[in-house]
Every structure is written in structure tokens, then in C-alpha cells.
Amino acid sequence: MPAMDKLSIHLPQTGESYFCSPDESLLQGMLRLGRKGIPVGCTGGGCGVCKVRVVRGAVRPLGPISRAHVSPEEERDGYTLACRAGPACAVELEVAGRFEKPFRNGYRTQGRPSPPPPTNTTET
Ligand code: FES
């Protein structure tokens, strides 16, 4: 049986992309490659720091996730913990945990207002 191919993971908020095996967590794949993008906490499904929303693609659970951090309703809406889910296909993720706010700076998608253009203060 051929080894399963690694799957592409993309985080538009940071522009980061990496490849991850289906049998490793989204967070493990990122850490293995020394990449950044998803905030790292306990790596055991308990702190919620690595909460993400699956924007495109699908993930599969690799273990229980804390209901204190991802409700069943949120899970149905695509939220999960990156340390407890592996890719089922190529996926695009959005950081959604308590450290999500800094990732919004400079992150623009359709429907979100663009920041005002920078002003040139060096002209006299
Ligand atoms: S790193 Fe703590 S829940 Fe994922």
C-alpha cells in the first residue's frame, strides 16, 4: 500500500503554507517544519489556544477536544483545535482562538472593510 501523500495546509492570515500528513495533527505538521501561524499551547486539546476554523477543505478528529473551547455548534460550523485534528484533504484555516485578533491586522477578505490607505507624512 503506498504511503499517503502529505496534504497542503494554508493560513491566509499569515500567508503560511505547509504540508501535513493525514495522520498527524495540523499543529504537529506546522511545528515539525518549524513554521508559525497557528498559536501553540498545551498541544493536548485542553487550552484552546490552537482553535482554528476550517475555511476550505475538511479535517478529521485525532482525539477528544475540550468542549470548553469548541462547542458542538462551533464544530458543525468548522471550528476545531489544530492539535486534535488532521487534514482529510487540502485545507485552508483561519486562526480563531483567543489570539485570533492580532491575525486580523492586515488580513482582508471579501466582506471585510479595507483599512484606510497609508498617509505619506514625509512630504512637505
Ligand atoms: S494547543 Fe492547547 S488545545 Fe491545542
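What follows is a short chat about reading this predicted model.

Reader: What should I know about numbering and cut-offs before I start?

Author: Residues are numbered from 1 along each chain as its sequence is written. Since the model is predicted, local features need pLDDT of at least 70, side-chain atom pairs count only at pLDDT 80 or more, and totals for chains, interfaces and linings use all residues.

Reader: What is the mean pLDDT, and where does pLDDT stay under 50?

Author: pLDDT is the predictor's confidence in each residue, from 0 to 100. Here the mean is 83, with 75% of residues at 70 or more. Residues 107-115 stay under 50.

Reader: How do strand 1 and strand 2 pair?

Author: Two strands pair if DSSP finds at least two bridges between them. Strand 1 (residues 7-11) and strand 2 (residues 16-20) are antiparallel, over 5 bridges, and I9 sits opposite Y18. They make a hairpin with 4 residues between them, where G15 in the turn has a positive phi of about 80°.

Reader: What does C50 touch?

Author: Contact means that C-beta atoms, placed from the backbone, lie within 7 Å. Leaving out residues up to four places away in sequence, C50 touches L27, I38, P39, V40, G41, L81, A82, C83 and G97.

Methods:
Two residues are in contact if their C-beta atoms, placed from the backbone, lie within 7 Å. Helices (H or I, at least four residues) and strands (E, at least two) are DSSP runs, numbered from the N terminus.
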